[in-house]
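I am opening my notebook on a new structure. I will look up one kind of feature at a time and write down what I find.

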Amino acid sequence: MKIYMTKLILLLTSLCLLSISYVSANDWKKHVIMEKGSNLTALAADYNGDDQVDVITSYSGKVSLFIAPNWNEVVLYEFDKTKDKAIHSETLDIDGDGDMDWIGSAASGMPFWLENPGSNDVSVKPWLSRVIDDEIRGIHCVLKADVDNDGRLDIIINNFKSEGDLGGSIFWLEIPQDVKQEKAWERHAFAYHDAHGGSHYFGYGDIDGDGIIEIAAAAKGEPFQQGNWFAYWTRPKNIDNAETKPWTKSLIADQRIGATNIKIGDVNGDGYNDFVASHGHGVGVVWFEAPHWKEHAIDAKIKSPHSLELVDLDGDGNLDVASCGFESQRLSIYINNGTGNFTQLDLDLEQESYDLRAVDMDSDGDLDLLNAGRATGNVAWYENPTI
């Protein structure tokens, strides 16, 4: 019995030491991809088919691909205005040819996509640009999701500005079958004049368990008269009625100054999807517990946590949180114990962010963090030590 207890104590001690070893910010290694200027969005994929993860970002009037492992730059697109840059972007295989394309827009411009010319030509041929919608302006988010449950990805996009016929609205766009020939994608409004106040980033997930996704959004308020809310929209069960029957808007919380980012997932392991949200033009990261959206603080001090991720970072099956405050200049992760209680780890105290992505940058099986450095003028990724 004593031998058994001794072995058990040693095992528990070892597990504790492993946990302590993981719960150390020093274990995360920072890798700088570029330090060439202010950028607001960065995303990663294998764009040239060599089984290494590359990065696309936008700065100083252009969209550029940085090819791993040496991060050689290839300019993919140049804006008409010298200092324009994409405010948000998404990557997916738009034309179905097996390689990853790019979608984005400057904050005041039209959304467009860049066609990947293929692995042999990715760095020598220009990426052809095509407009997605010539009326939507002022986007602040692009998100891919299968909105109509047809097995094909759609795009969710917003019209950030309040004025005009499309002002204060959020749409989902169907990718045309012949996307290279169609001049515009089919646009569907699910929040028509129903998302005023500077809508920012989206989350999606099945809130009510009916197999149909809900779409959540946040609006920052200032300088708009409306805003400072977190909300979600529920689609009519019959997608054919979605154009004539309005989606149902449900308010999660209002009077939330600087609300910008929201994600959906089961935070406390009770089988119901919750919301994790940030005040990216205010202060704090919180989560709202289903079904009545009781608020819990995750980090009450971080300033301008504009970026947000909700993923399993330590491989224990629980959803963890990551954010970076561009005023605090702090990149932090919050490790979830499975019940919605979080341990904060500060990975970097000299780093800004506008956009943060969880992606396996080194193909080792865990999720790393890719950060678009805003006014710190860099793109960097942080290597997860879990595996």
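Predicted model: local features only at pLDDT ≥ 70, side-chain atom pairs only at ≥ 80, totals over all residues.

**Entry 1**

I began with the backbone. Most residues other than glycine have a negative phi, and most peptide bonds are trans. I went looking for exceptions.

I found a cis peptide bond from A68 to P69, with omega near 5 degrees. P69 sits in the loop between strand 4 (62-67) and strand 5 (72-78). I found another cis bond joining A290 and P291, with omega about 5 degrees. P291 belongs to the loop between strand 20 (283-289) and strand 21 (294-303).

Next I checked phi. N149 has a positive phi near 55 degrees, and it is not a glycine. I located N149 in the loop between strand 10 (142-145) and strand 11 (154-159). Is N149 buried, partly exposed or exposed? Its relative accessibility is 42%, so I wrote down partly exposed. S363 also has a positive phi, about 55 degrees, without being a glycine. I placed S363 in the loop between strand 26 (355-359) and strand 27 (368-372).

**Entry 2: nonpolar cores**

Which residues touch the most other members of the largest nonpolar core? I listed I156, I170, F190 and W233, out of 24 residues in that core. Then I asked which strands supply at least two residues each. Among them are strand 12 (169-174), strand 13 (186-191) and strand 16 (229-234).

Leaving aside neighbours within four places in sequence, I156 is in contact with residues including V142, L143, I170, W172, F190 and I215. I also noted a second, separate core of 17 residues. That core includes L43, L65, L76 and V122.

**Entry 3: salt bridges**

I counted salt bridges and got 17. I picked a few to look at.

K144 and E90 meet through their side chains at 3.8 Å, N to O. K144 is in strand 10 and E90 is in strand 6 (residues 86-92), so this pair ties together parts 54 residues apart in sequence. K144 is partly exposed, at 25% relative accessible area. E90 is buried, at 7%.

R187 forms a salt bridge with D133, and their closest N and O atoms are 2.8 Å apart. R187 lies in strand 13, while D133 lies in the loop between strand 9 (128-131) and strand 10. They are 54 residues apart. I logged R187 as partly exposed at 27% and D133 as buried at 3%.

E352 pairs with R374 in a salt bridge, again with the closest N and O atoms 2.8 Å apart. I found E352 in the loop between strand 25 (342-348) and strand 26, and R374 in the loop between strand 27 and strand 28 (379-383). E352 is buried, at 8% relative accessibility. R374 is partly exposed, at 24%.

Which residues do shared partners join into one network of salt bridges? I wrote down D95, E115, R130 and K180.

**Entry 4: one histidine**

I looked up H279. It is in the loop between strand 19 (274-278) and strand 20. H279 is buried, with a relative accessible area of 6%. Leaving aside neighbours within four places in sequence, H279 is in contact with residues including F230, R256, V286 and P305. I also checked H279 against P223, 56 residues apart along the chain. Their C-alpha atoms are separated by 15 Å.

**Entry 5: aromatic rings**

How many aromatic pairs does a search of the whole structure find? I recorded 13. A pair of rings is described by the distance of the centres and the angle of the planes. I used both for Y232 and W293: 6.1 Å centre to centre, with 75 degrees between the planes. That pair is edge-to-face.

Y232 is in strand 16 and W293 is in the loop between strand 20 and strand 21, so the pair ties together parts 61 residues apart in sequence. Y232 is buried at 11%, and W293 is buried at 14%. I also found a cluster: ring pairs link Y77, F79, W102 and F112.

Last, I checked for charges over rings. K249 lies over the face of W229, 4.7 Å from the ring centre. R374 turned up again here. Its charged end sits over the ring of F326, 3.9 Å from the centre.

Terms used:
Residues numbered from 1 in each chain as written. Heavy atoms only, no water. Helix = DSSP H or I, 4+ residues; strand = E, 2+ residues; numbered from the N terminus. Buried < 20%, exposed > 50% of the residue type's maximum accessible area, 1.4 Å probe, protein only. Core = buried A, V, L, I, M, F, W, Y, C linked by side-chain atoms within 4.5 Å. Contact = heavy atoms within 4.5 Å. Salt bridge = Lys/Arg side-chain N within 4 Å of Asp/Glu carboxyl O. Phe/Tyr/Trp six-rings, centres within 6.5 Å; stacked < 30°, edge-to-face > 60°. Lys NZ or Arg CZ within 6 Å of the ring centre and 35° of its normal.
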